[in-house]
Amino acid sequence: MTLHSRETGLRVGVVGAGRVGAVLAAALRAAGHDIVAAAGESDASRGRIADLLPGVPTLKPTAVARACDLLLLTVPDDMLGNVVTTLSDAGAIRPGQYVVHTSGRHGLEVLAPAAALGAHVVAMHPAMTFTGTERDLDRLAGCVFGLTAEPAERPVAESLVSDLGGRPMWVPEEMRTLYHAGLAHGANHLVTLVTQAMEMLAAAGADDPAGTLRPLLTAALDNALEHGDAALTGPIVRGDVNTVRAHLADISANAPQTLASYVVLARNTLDRAVTDGRVLPIRAAAILRALDAAEREAPSHVHRR
């Protein structure tokens, strides 16, 4: 079965029309597939179906599964196993049907109930953050999809990614969680880091913290992606002990909610700079003492955050 041809487009059903599901379904529709039904419990999901998939009926998950050749499961990770089991036990999954989930953490094991019924199963996770709006459609171009599938299903999985405008990356079943952890650490924790940096700048009097950070962070991200640790700059790498002490004092006084993460990331940065020889051990020891002292002296509620 090929997914490329508009003339042979599949009947696709979506269970979980959240930010990811509605966007992927809209992209598949644009590629020539027939989105026959979608399931969404919340008002937000139903709104996304109306906006991104006009004319597509909203049905119960079992009805969606029965109506399609390719069932796209875009539910939260912790719900996925229960959804697969429920649909399988209800007789909504049939032999020869494709059942594809978009979880980063899970591979094929979670789809075992569907596979036992003769369905073709695929894990297909887009390495992208979604808003659930039309703006995401353009972002799919070149997006990497973390794929896990048995050899027989691999051509269809790759064709599906091609129809979405993405690039396939094969992830072994046993490495799915680590793959997902790397993405979450890089993207989700980046949001926390940037938000805390904006809080510091706001406390310092910046009237546009985001605009102040944007050029710097864009350059830093590009440099880090291209050069790794060699892109590190700043007081830790220079061994500027007094600057680090001053940072810690002012953060403690004016933005204490950000102190814990500053200390943790400073320690990690220091370790990497010492390993590659850019910070002398004597300066590293002094910086480490300053970080330890700031952590000891921080109010207890800061440690609990």
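Strands, here and below, are DSSP runs of E with at least two residues, helices are runs of H or I with at least four residues, and both are numbered from the N terminus. Two strands are said to pair if DSSP finds at least two bridges between them. The model is a predicted one, in which local features need pLDDT of at least 70 and side-chain atom pairs count only at pLDDT 80 or more, while totals for chains, interfaces and linings use all residues. Residues are numbered from 1 along each chain as its sequence is written, and side-chain values use heavy atoms, with hydrogens and water left out.

Strand β6 spans residues 144-149, and five of its six residues are buried, so the strand is largely enclosed by the rest of the structure. Buried denotes under 20% relative accessible area, exposed over 50%, and partly exposed the range in between, with a 1.4 Å probe and protein chains only. Strand β5 is likewise largely enclosed by the rest of the structure, because six of its seven residues are buried.

Strand β6 also pairs with strand β7 (residues 167-170), in the parallel sense and over four bridges. In this pairing Phe-145 stands opposite Pro-168 of β7. Together with helix α7 (residues 154-163), strands β6 and β7 form a right-handed β-α-β unit. Right-handed here means that, with the strands pointing away from the viewer, the path from the first strand over the helix to the second runs clockwise.

These strands are part of an open sheet of seven, with mixed pairing and the order β2-β1-β3-β4-β5-β6-β7. Strands β2 and β7 are the edge strands, each pairing on one side only. On average, neighbouring strands of this sheet are turned by 25 degrees against each other, direction ignored.

Val-100 has Val-122 as its bridge partner in β5, and His-101 stands opposite Ala-123. Strand β4 (residues 98-101) is also joined to strand β3 (residues 70-73) by four bridges, and these two strands run parallel. Here Leu-72 is partnered by Val-100.

In a regular strand the side chains alternate between the two faces of the sheet. Both faces of β4 are covered, with Tyr-98 and Val-100 buried on one side and Val-99 and His-101 buried on the other. The chain crosses from β3 through α4 to β4, and this β-α-β crossover is right-handed. Helix α4 (residues 77-89) lies across β1 (11-15), β3 and β4, and runs at about 150 degrees to β3.

His-101 has a relative accessible area of 0% and is therefore buried. Not counting residues up to four places away in sequence, His-101 touches several residues, among them Leu-80, His-106, Val-122, Met-124 and Arg-176. Contact means heavy atoms within 4.5 Å.

Gly-40 is placed in the loop between β2 (34-39) and α2 (43-52). This glycine counts as buried, because its relative accessibility is 11%. With residues up to four places away in sequence left out, Gly-40 touches Ala-17, Ser-45, Arg-46, Ile-49 and Thr-58.

A further region is formed by helices. Helix α12 (residues 259-275) and helix α13 (residues 281-297) pack with their axes 10 Å apart and at an angle of about 165 degrees. Therefore α12 is roughly antiparallel to α13. Angles under 35 degrees count as roughly parallel, over 145 as roughly antiparallel, 65 to 115 as roughly perpendicular and the rest as oblique. Axes are lines fitted to C-alpha atoms, for helices over the stretch in contact, and angles run from 0 to 180 degrees between N-to-C directions. The residues in contact include Val-263, Leu-270 and Val-274 of α12 and Ile-287, Leu-288 and Leu-291 of α13.

The axes of helix α11 (residues 241-254) and α13 come within 9 Å and cross at roughly 10 degrees, so α11 is roughly parallel to α13. Val-241, Val-244, Arg-245 and Leu-248 of α11 meet residues of α13 that include Arg-283, Ala-286 and Ala-290.
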